[in-house]
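Here is a short briefing on the structure shown below.

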Amino acid sequence: MANQGHHTPWWKYFTFNTDHKVIGIQYLVTTFIFYLIGGVLAGGVRTELATPEVDFVSREIYNSLFTLHGTIMIFLWIVPAGTGAFGNYLIPLMIGARDMAFPRLNAIAFWMIPPGGALLIGSFFVEPPQAGWTSYPPLSEIASNSGQIMWILSLLILGTSSILGAVNFLTTILKMRTPGMTLYQMPLFCWSMIAASILILISTPVLAGALILLMFDIVAGTAFFNPTGGGDPVVYQHMFWFYSHPAVYIMILPVFGIISDVLPVHARKPIFGYTAIAYSSLAISFLGLVVWAHHMFTSGTPGWLRMFFMIATMIIAVPTGIKIFSWVATVWGGKIELNSAMLFSLGFVSMFVIGGLSGVMVASVPFDIHVHDTYFVVAHIHYVLFGGSVFGLYAGIYHWFPKMTGRKLNEPLGITHFVLNFIGFNMCFLPMHWLGLQGMPRRVAEYDPQFTFVNQICSVGSLLLAISTVPFLINAIWSWIGGKQVGANPWRALTLEWQTASPPPEENFLENPVLWSGPYDYGIDNVHRDSDKPVEELLSEVQGNAR
Amino acid sequence: MNIPNSIVTLIAGIVLTLISLWYGQNHGLMPVAASEEAPLVDSLFNAMMTIATGLFILVQGIIVIAIIRFRRRRGDTSDGPPIDGNLSLEIVWTAIPTIMVLAIALYSFEIYNAMGGLDSAASGSGRNNPELAQKPGSAIAAPMPKERDGEDLAAGVGASPGREGSAADVVVDVKGMQYAWIFTYPDSGIVAGELHVPAGKDIKLNITASDVLHAFWIPQFRIKQDAIPGSTNQLRFHPQKIGDYPIICAELCGAYHGVMKTRIIVESPEEFQQWRQERIASSETDNNQLSMLAPSEKTPSDAEYASRYVEEKMGIDQQVLQQLH
């Protein structure tokens with residue numbers, strides 16, 4: 001019966017369930033709903049910016065639209081989707097474990113997300129916070145106080161959830177691998193989760209510190225960051241970015257892992273440079289901790305400090321470059337199956353390159369002084385977090401959907417989704433580079449009329465992006481209910497999660513899985529590629545051929 | 001690799017280099033360069049654009065070629081060749097980016113130094129720099145401003161290397177407030193809502209804010225500095241092209257952040273002197289601060305400007321104001 005998928009009754013997804021697979025899907029669906037909400041807010045922003053005047057929403061509401069858009073997309077979509085959803089679903093399966101190390105803690109971490117999200121969205125209806133997702137004081141201390149406090153409390157809850165998740169990921173990866181699996185036999189997604197979890201553990205507490213001090217300033221009238229009482233607003237910026245720059249890597253590292261696992265399967269070739277990719281994740285994790293002040297080149301930081309942070313930031317291009325070149329070398333010479341998962345993966349690589357190149361540019365102090373806080377930076381972060389993280393998350397969804405549901409997503413709809421998404425994304429964000437260089441600052445509800453036409457292109461692009469979500473939603477819902485049923489391993493993949501039924505039974509494996517090959521040994525032997533055979537049969541076949 | 005293949009690769013490499021070099025110089029993405037600092041930043045940006053264009057075409061080109069050449073044929077269930085690495089190739093693509101980013105870092109460092117970013121007087125050590133206090137002003141036409149170094153200057157962009165330690169030709173105190181910039185010329189007491197500066201001179205701004213963070217940005221000059229309540233940052237620059245340029249607030253400062261704009265007017269030194277004299281004369285006859293703050297007649301949002309003040313300072317109900325608009 002092992003090849004027969006194990007389907008969890010639908011109501012279990014609404015309970016305090018400790019099965020990592022249920023939790024992973026709970027994370028994925030919840031965060032995707034927040035993604036849609038964040039997208040609606042972005043739609044509001046782009047609608048307002050279709051004309052140079054303020055005519056769609058009031059200035060205050062406009063500011064709260066982009067404040068909540070940024071906060072939701074980061075803290076309720078990309079961070080919990082990359083780590084919470086994929087980390088929870090995949091790690092135990094990939095390392096042959098029966099569950100996460102701390103299943104109950106895991107469920108608690110998930111169940112902190114809905115109240116955190118409700119608090120954040122509730123703030124919009126109480127008194128919309130309007131100081132941006134960075135919430136720099138003194139503005140955040142004087143504008144919409146009650147909304148700002150809800151924003152702070154929400155982030156404290158979400159940050160705690162993130163820390164609990166990271167403890168779980170690290171312990172699970174280090175302690176619960178199936179007997180015989182060394183660190184170097186793990187899929188690269190696990191390496192990237194080690195790197196991301198370390199970052200979460202080191203940096204999130206500092207954000208909590210900053211937010212608690214900010215709250216004291218608002219509630220108790222202290223003056224940690226309030227200059228009228230002798231406080232220093234720049235100290236908040238240091239503390240905030242000590243978390244929020246690593247947060248960028250927390251958002252991209254799991255996706256790096258996803259890409260490293262999706263590309264070899266659909267290119268039918270081993271990953272190129274396993275060790276280099278694994279170590280570069282750790283290098284990015286370490287370097288990511290010492291670059292935060294590159295967000296503050298115009299904040300009055302001393303010249304020598306700016307030089308240090310400039311060089312440290314630019315060096316990150318090296319491990320990132322290693323990954324990009326390795327991925328390109330992985331697909332080169334393979335047998336590329338251009339399905340939705342592969343399209344989104346290759347889309348990820350090509351879009352992330354643009355974000356990476358503009359990232360090196362904004363690291364350069366003299367250039368950053370010109371483009372800091374302009375649309376150039378808006379373009380840059382979206383190429384990294386949308387063209388990067390979101391494309392990668394989509395690739396992961398298309399790739400692992402058969403594992404989660406036992407059914408494939410529909411390919412024509414998936415390709416439509418990709419094409420619309422790719423065109424809309426570039427139409428929306430590519431022109432923003434020009435806007436920023438020419439003189440349009442970010443976070444403005446009204447702008448110089450000379451920028452009208454280009455802003456309208458961006459707005460049309462954002463509309464296309466919104467439309468592109470429709471085929472995906474139809475596809476996901478329809479395929480989940482009545483999509484084409486597939487066997488345990490429709491992609492003929494080699495990583496362990498595919499060596500059990502789809503969806504996997506409770507406790508994942510009937511017995512500790514045996515490693516019959518490395519995770520990426522494509523082109524080496526063809527014994528176990530037949531997805532129609534039950535897992536036991538495959539196992540006995542392989543054990544018969546044991547090397 | 002056979003010979004025709006290497007020739008194709010070689011030609012592709014040459015074409016890619018030529019395209020990158022051409023586009024790096026001719027992208028036309030930057031606005032007019034109107035200060036001495038702007039061409040420095042632009043040359044750095046051009047260098048980075050050249051490298052970025054090359055890498056962009058290289059990576060995207062390889063991906064597109066791979067998709068075309070290595071598509072799985074229908075019915076082919078075999079795998080690609082089991083190549084899992086190549087040490088020399090990996091060393092090359094680690095070493096080349098390392099050299100490139102170090103080169104960009106070094107170039108950025110040079111440019112930043114040339115702009116005055118590493119002037120010790122502007123790097124936080126200005127407070128106790130005895131040399132500065134003793135240095136007499138260099139011979140310049142404009143009257144010597146009272147230097148305020150040594151008080152509470154925080155970091156910013158200071159004097160370019162040749163001018164370190166020397167006083168600026170024109171000093172202006174800049175204050176950002178919701179939602180306007182106030183410019184005070186300490187030597188003459190002039191207070192203005194627009195910034196008048198003489199072309200070709202060394203200008204020093206002491207930038208601060210009275211309420212929340214703002215950022216002083218002139219895109220055509222490629223300079224920006226945050227205005228931080230409670231501390232003063234200096235920004236030195238050299239306007240070159242005569243004309244009007246926008247001064248934009250680049251740091252979110254509240255609801256009307258998007259309209260916190262004014263102008264910098266770069267004039268010939270004679271015109272600047274004339275403006276200065278007129279301003280001094282008018283302030284002697286008219287002590288009303290508000291008349292000196294009068295924004296330009298050209299600014300279309302004068303009425304809006306005033307209403308904003310009412311709203312912010314007098315606490316008139318937001319809703320009432322919205323109904324009025």
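Lys and Arg count as positive and Asp and Glu as negative, while His and the chain ends are not counted. The place of a charge is NZ of Lys, CZ of Arg, CG of Asp or CD of Glu. This is a predicted model: local features need pLDDT of at least 70, side-chain atom pairs count only at pLDDT 80 or more, and totals for chains, interfaces and linings use all residues. Residues are numbered from 1 along each chain as its sequence is written, chains are lettered from A and ligands numbered from 1 in written order, and side-chain values use heavy atoms, with hydrogens and water left out.

**Charge**
- Chain A carries 23 positive and 28 negative charges, and their mean positions lie 9 Å apart.

**Fold of chain A**
- Chain A has 17 helices and zero strands (DSSP runs, H or I of at least four residues for helices, E of at least two for strands, numbered from the N terminus).
- Its radius of gyration is 23 Å, close to the 24 Å that the globule rule gives for 547 residues, so chain A is as compact as a globular protein of that length (taken over C-alpha atoms; the rule is 2.2 Å times the number of residues to the power 0.38).
- Along the principal axes, the C-alpha atoms of chain A fill a box of roughly 75 × 45 × 45 Å.

**Burial in chain A**
- Buried residues are 68% of the 547 in chain A (buried is under 20% relative accessible area, exposed over 50%, partly exposed in between; 1.4 Å probe, protein chains only).

**Ala47(B)**
- Ala47(B) sits in helix H2 (residues 37–69) of chain B.
- Ala47(B) is partly exposed, at 26% relative accessibility.
- Ala47(B) and Ile104(B) are 57 residues apart in sequence and 8.2 Å apart in space, C-alpha to C-alpha.
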